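Please open the model in your viewer and keep the selection tool at hand. The stops below are meant to be followed in order.

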Amino acid sequence: MNSEHLLGTLRTIGSFVFSRYALRFRRRERLEAWQARRLRYFIARVIPRSERFKALANDGLHRLPIMDKASLMNDFAGFNTRALSLEQVLPVALQAEQSRDFSPTLGDITVGLSSGTSGAQGVFLVSSVERQRWAGILLARTLPRALLPRLVCPWLAPLRIAFFLRANSRLYTTLASRRIDFAFHDLTLGLAASLERLNQQNPDVLVAPATVLRGLAQAALAGQLTIRPRHILSVAEVLESTDAEVVQQAFGIKPQQIYQASEGFLGYTCEAGTLHLNESHLHIEPQWLDPQRTRFQPIITDFSRRTQLIVRYRLNDILRVASAPCSCGRAERAIAAVEGRADEILWLPRLDGQQLAPLYPDVLRRALLMLGAELEEYEIHQRGLLWQANLRTSGDYHGLCQRLTEALAELCAQQGLQAPSLSFGHWQAPPPQTKRRRLLMLQLPEGLSCVY
Ligand SMILES: [Zn+2]
């Protein structure tokens, strides 16, 4: 082990211990005081190193402008402290994507692409120091206590982690070490290609998008998979209750969630099963969507980053807050669900025809769930007042279309909305490397304004 490698490992262990044992806030005031201290340093010392924030540096956080993926991509060099331009970093990222070899870096910087689900693709930079810290934080926040000895006791077998993602990155392979046997599975190859390797590795921890977990659970129920993971983490997609049930049935444990995006490590499930925002490492301002304050889009400031600046960055996600505090006692905000992305909200005219009102993804999903197992797969895309619904069933297709029409009419009546015009088609499986997106707003109805 050379000294650089040793230093990196120590950094990972350091942030593991710090995150797990020191950064456990039980009182909200303590958490906010810690955030305020870190933010002061971040705004005074870190962000002035970038072109974008040079002139703005001494303003408080709330005076800084809000950014999003589009503004980041429009002024890429301005938003990082190394003044790296898109032209410099894109070739590294694209080459990794094409060759499926994710090891190349630009000096000590890893270049990652975010899955461009809604058109614009995002590019994110992470330095090696940040990567090592990230690995420590991720392990600290997600590993159950029973598996910890495997990380530290040399006489025990290393912890085996299987990781399914659309793209690997140095970010993830940082986790590999003498104490962690880390296997990356490339989703572009399809699930069937992974089963044998997965059986051989027999992972303790299984990490995958919700639809992949579901596929693996079905393979296990069919006897093709013999693994017995002790901890299962869902990433990158909304974990629906039906996915969680199949996973529990197959492996005997409930999947937990990591809420992680290219923009940062945003949340994790605690031992009580609640999703908490990672507020010890990120400052999160809720941008409320409704007057009752049940749902918001998060505006995040990552005060731990030093390379890519994420400052009052608006995520496209919709989070629903938990109605009661979590029994674990953590002060970090509890989330009932990551409902999906803002473009998964479908919009319909109110009964009075004056304005458009939102139909939230979880409300619609729940109504469709009531149709039962006969609705095996579906997607609904909205274009103006027309909803294209593609369904799969092994039962009576026309009967199902009829029941779905009635269920939607009932739901809309309850919500005070006009029912959509529906057009039906047959559901086709998307390629394995694409994210599941059941609901998609492609085009708003014209001439009416949207009111949450
Ligand atoms: Zn909790």
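The tour goes from the domains to their interface and then to a pair of strands.

This is a predicted model, in which local features need pLDDT of at least 70 and side-chain atom pairs count only at pLDDT 80 or more, while totals for chains, interfaces and linings use all residues. Residues are numbered from 1 along each chain as its sequence is written, and side-chain values use heavy atoms, with hydrogens and water left out.

Begin by colouring domain 1 (3-341) and domain 2 (345-443) separately, with bounds that come from an automatic or database domain assignment. Their centres, taken over C-alpha atoms, are separated by 31 Å. To the contact (heavy atoms within 4.5 Å), domain 1 gives 23 residues and domain 2 gives 14 residues.

Together the two domains bury about 1,700 Å², 49% of it on carbon and sulfur atoms; this is the accessible area (1.4 Å probe) that two parts lose on being put together, summed over both.

Next, select arginine 438 and glutamate 240, which form a salt bridge whose closest N and O atoms are 2.6 Å apart; the term requires a side-chain nitrogen of Lys or Arg within 4 Å of a carboxyl oxygen of Asp or Glu. Between domain 1 and domain 2, four salt bridges are counted.

Finally, select strand 1 (residues 109-114) and strand 2 (residues 122-127), strands being DSSP runs (E, at least two residues) numbered from the N terminus. The two run antiparallel and are joined by six bridges, where pairing needs at least two DSSP bridges. Valine 111 stands opposite leucine 125 in strand 2.

Terms used:
Buried < 20%, exposed > 50% of the residue type's maximum accessible area, 1.4 Å probe, protein only. Helix = DSSP H or I, 4+ residues; strand = E, 2+ residues; numbered from the N terminus.
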